[in-house]
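Please look over the sequence and the model shown here before reading the notes that accompany them.

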Amino acid sequence: MEEKNRKKSLVKWFLIILAMFLFVGIGVYIFLTHTTYDQVRVLNTTALEHENGEKYVEFSGDILKYSKDRVSLLNKKGKERWKFSYQMQNPVVSINERAAVIIDKGANDLVILQKQGVKGEIHTTLPMKKAEISNQGIVSVVLKGESSEKIVCYDSKGNLLVEHNTFSTTTGYPLDMAISDDGYTLLVSYLFTGQGKVETKIVHYNFVEKKEKHLVLEEKYENVVAPSVFFLNNKTAVAVMDNQLHIYEEKEKPQKKAIVKIKEQIENVFHDDEHIGVLLKGEKKYFVKLFNKNGKELLSEAIEHEYKNIKVENGQIIMYDGKKCKIITKTGMKLFDGEVENDISNIITTFGVNKYLMISTNGLEEIRLAK
């Protein structure tokens, strides 16, 4: 009996000590994630090339490095996984979660990428202006002709899936387009100018529907410009129009589920798969606002100036411009506000409390926020 009571006592004290450590750990975590930092501590640095205009973007949990003559994938330690050579004069990349495309803007070549490597190469009949890609590797491209433009879709092997001719005097001029992750839905913003008026058309195409030209919804707006359209996910699409956000639910026929009216001037729009963010210019200040996919405002925060780069990632709004950086959470907690030693090309969240990967002129740096 005495031995049994002793074991119960040991278990009791073990649970008490475990609860104390857990309580202290939670307290430390809350403190660390609810403190404003103004410095960074560099934990590790890996040299990166910048001699040939290399650019670096996050892709599928790794880092995509691309330039005029090649593309390669690096892990988060800077080690090269694979590389592929090409020749482009003006490479422009578009990223999705599991696929990416690099086009030679103004020319005719594009490369489709997956995490495992190159999935396909395509040579277009006309010069390219813009391209977007689905997770399945379906690419939607705007091609520029002499008197008209085309919107075409290819699979990763280069097979032509869809082709739409556009004319400035009839269909309008395609300002922006987006393709859903599954590759089934294409959203296009057209601008029509003629007869002394400006008109915007937001057009939804569904490649599953066997309707004429795959068109399932077309909306017209007078004296309005919609410079940006995008998908949050397969079921939610957004059109940015002057001082409004139009949010659609993509079903067999898309339905408008919210219109968000904004008083200030929209300077920039950013998003992930759950949130829509806008950088706004007020009379004296700039503001960052964050909305959920139903249009409900989650955050409104004044900031001191316009940041050229802004994104939402893992519940944090990350802003940077030159050496300046600001990080706030989606609940409004200011995590970082300060400067670093070198100009920032990108900041990526990574595993660990207050840890990030920073790509700068100094290389790939693993950093931790510090006081």
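The report below takes up the basis of the model, a sheet, a hairpin, a loop residue and the cysteines.

## Basis of the model

This is a predicted model, in which local features need pLDDT of at least 70 and side-chain atom pairs count only at pLDDT 80 or more, while totals for chains, interfaces and linings use all residues. Residues are numbered from 1 along each chain as its sequence is written, and side-chain values use heavy atoms, with hydrogens and water left out.

## A four-stranded sheet

An open sheet of 4 strands runs in the order β1-β32-β31-β30 with antiparallel pairing, where strands are DSSP runs of E with at least two residues, numbered from the N terminus, and two strands pair if DSSP finds at least two bridges between them. The edges are formed by β1 (39-46) and β30 (344-349), each of which pairs on one side only. On average, and with direction ignored, neighbouring strands of this sheet are turned by 30° against each other, the axes being lines fitted to C-alpha atoms and the angles running from 0 to 180 degrees between N-to-C directions.

Within this sheet, strand β31 (residues 355-360) and strand β32 (residues 363-370) run antiparallel and are joined by 6 bridges. Ile 359 stands opposite Leu 364 in β32. In a regular strand the side chains alternate between the two faces of the sheet.

## A hairpin

Strand β24 (residues 286-292) pairs with strand β25 (residues 297-303) in the antiparallel sense over 6 bridges, and Tyr 286 stands opposite Ile 303 in β25. The two strands β24 and β25 form a hairpin with 4 residues between them, and Gly 295 in the turn has a positive phi of about 90°.

Asp 69 lies in the loop between β3 (62-66) and β4 (70-74). Why is Asp 69 classed as partly exposed? Asp 69 is placed in that class because its relative accessible area is 29%, the class lying between buried, under 20%, and exposed, over 50%, with a 1.4 Å probe and protein chains only.

Leaving aside neighbours within four places in sequence, Asp 69 is in contact (heavy atoms within 4.5 Å) with Asn 52, Phe 84, Ser 85, Tyr 86 and Gln 87. Of these, Phe 84 is 15 residues from Asp 69 in sequence and 8.7 Å away in space, C-alpha to C-alpha. The side chains of Asp 69 and Ser 67 are joined by a polar contact of 2.9 Å, that is, a pair of N or O atoms within 3.5 Å, of which, within protein, one must be able to donate a hydrogen and the other to accept it, and residues adjacent in sequence count only if both atoms are side-chain atoms.

## Cysteines

The structure holds 0 disulfides, a disulfide being a pair of cysteine sulfur atoms within 2.5 Å. Cys 153 is buried, with a relative accessible area of 1%, and Cys 325 is buried at 3%.
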